[in-house]
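Colleague: I am new to this structure. Please show me how to read it.

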Amino acid sequence: MSSLAYDPRDRGGPQQPMLIARDLRKHFPVKASGGKSVQAVDGVSFSVGKGETLGVVGESGCGKSTLARLMLHLIKPDAGELVFDGDPVGVAPGIPIDALRRQVQIVFQDSYSSLNPRMPVRDSVAFGPFVQGKRKDEARQVARDMLGKVGLDPEIFGPRYPHELSGGQKQRVNIARALATGPRMVILDEPVSALDKSIEAQVLNLLRALKRQLNLTYVFISHDLNVVRYISDRVLVMYLGRIVEFGPIDAIFERPLHPYTRALLASRPSMDPARRIELPPISGDPPNPIEPPSGCRFRTRCPFAEMVCETADPMLGPLQGPQSHVAACHMQEAHSGHSLAASA
Amino acid sequence: MPLAEVRDLYVRFVTREATVYAVNGVGFTVRPGEVLCILGESGSGKSVTLRALMRLLPARRTQIRGSVTVEGQNVLGMPRRALRDLRGGLVAMIFQEPMTALDPVYTVGQQIGETIRRHTGCGREAARRRALELLEMVRIPSAARRLDAYPHELSGGLRQRVMIAMALSCSPRLLLADEPTTALDATVQVQVLILLRRLQRELGMGMIFVTHDLGVAAEIADTVAVMYAGRIVESGPVGQILNAPAHPYTAGLLASTVHGQSRDRDIDAIAGSPPDMRRLPQGCSFAPRCPLRMAECRFAVPEPRFPVRGHMAACHAVAHSSPATQAAVTPTVAGSRATISAR
């Protein structure tokens, strides 16, 4: 995005994506299952452009939170590669992991368990800058500034402990802490899901204002499609560890290609009692990620599933530029063998 | 006769450190076959109100005043033995988190069977047959096999269906649902809502459905009561409440709920946060956050007003229509005068 102010840390220039993920994979072995594993993230590739907000949506167990942790190397990927601003992450000539974490921070869903209960919140916020080499009084000043930026008076709220704050206030503290190290990119893992609606709106407004002020790049993970539509520029739809659809926000919401995306969109309550949903868009729950279905992982719930869906993995089409819109579905792939696929 | 009637309900939780004024003069009625949604944010007293209908609040620390009647029976004055017949019999409840509401060491069939045997006195075999019928009624695939499953072997959606089956096992006249779809994924939530709506209609039950989600209320409610700081601030038919909210809190809640707003502008969020339930403001509890605040809002709890027949808003800024329309209204709010004297 051209509106970005000059940042001396910007190595690759505006066209270089902030983060590129190539074929990320993370399987968690399950002990009592005889060598099976949860395929939490299974071959995921995408990029996050500078200054954009990338939304990630999907239901529980789709791997969206694992993906968040992989992006920060909070857990180590089994395979795949991360490139931050042109530099490969964690390999010799690239960017070391601690340097990555100076530039990428995260805000978690549970605002209470992600703060130290025995520390006044100003110390929690000052901790990051202090560890990264600031003097104690400098770090305290950063904490005061950041608490002010997120709308908490540092004199009133700074000395308080997490249990003395409401959910919305704690989440503001978490945002202040994430921003205290001066990151360029923030991963927001369901940051408003535990908040009441009136507070959720306040926090969303705050996040948007901070992004403008501090030239941030966001990855916004949520199960709430309305919130994702409001805040994101592009969106990535996940199902059982894989990306099923990826594209610009309006394209996904107005012309969804994948049957799963369509079902997700149709499952949103109407907000109008005169137009209630009469039939469930899809039936059943997401399957167990320990033994995902063969071929297309959505086929067990898909109304269009055919033979080919069981035998062949649908590929996410090639991404051509930031505006491309792709879906991993045999119906979208010419000559895939699906009766509804294009034949030309 | 209304199926359930709550009048002037006050609930306080008393501990050595503080007294929490959880519910402060709530009243409503539910007719047979009606779905009432109690809509509110955390701490608004919606779940406490729901629990009072079955007297599920801890007796030693709770002070309850007011009256709760279900099919003419006085729930708050009932002896404990009669209460055990009421719970799960006449009135049943579905909770938010099926994993904690179900017993992890018994199979689904055993748990449903236990309820049936307790209330009907039938034998194990008959109870198991009825449990199977119930699992089929809530559309659980391969129900016969699932009867012997433990809760942890089921997905979230199936567990919530089991909870519904258990609640319906003794054909309750009134079903209480406390955010039953909040913990579920979007595609599963809509399935459970449609199921509940269908069963409620087919069985002719009354239902009180507690939720914080306006969209869920739009999908299931006939009438809506909006709670804020332990009081019903607005109530009426669901279409009225969502399309023409009269109370500034309800209007603010609608504006704060993200659904297709323009991305170029901020959301019209309600400023501030809900009051401390240990120290409620003297007048209207919403006044400190209210854009329409007037001088009198600080001093007097607003009386219910009726802008349209059947539509109540407790707000000083709302104009009355003719007072003759007030009598036939459900739900109602009573006793704002009592609220003041009680403090």
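Modeller: A note first. This is a predicted model: local features need pLDDT of at least 70, side-chain atom pairs count only at pLDDT 80 or more, and totals for chains, interfaces and linings use all residues. Residues are numbered from 1 along each chain as its sequence is written, while chains are lettered from A and ligands numbered from 1 in the order in which they are written.

Colleague: How many helices and strands does chain B have?

Modeller: Helices (H or I, at least four residues) and strands (E, at least two) are DSSP runs, numbered from the N terminus. Chain B has 12 helices and 12 strands. Its C-alpha trace spans about 65 × 55 × 45 Å along the principal axes.

Colleague: What share of chain B counts as buried?

Modeller: A residue is buried if 20 or more other C-beta atoms, placed from the backbone, lie within 10 Å of its own C-beta. In chain B, 50% of the 343 residues are buried.

Colleague: Which residues of helix H11 of chain B are buried?

Modeller: H11 covers residues 248-256. Its buried residues are Pro248(B), Tyr249(B), Thr250(B), Gly252(B), Leu253(B) and Ser256(B). They pack against helix H7 (197-214) of chain A. From chain B, helix H9, strands S9 and S10, and helix H10 join in.

Technical notes. A residue is buried if 20 or more other C-beta atoms lie within 10 Å of its own, exposed if 12 or fewer, and partly exposed in between; C-beta atoms are placed from the backbone. Two residues are in contact if their C-beta atoms, placed from the backbone, lie within 7 Å.
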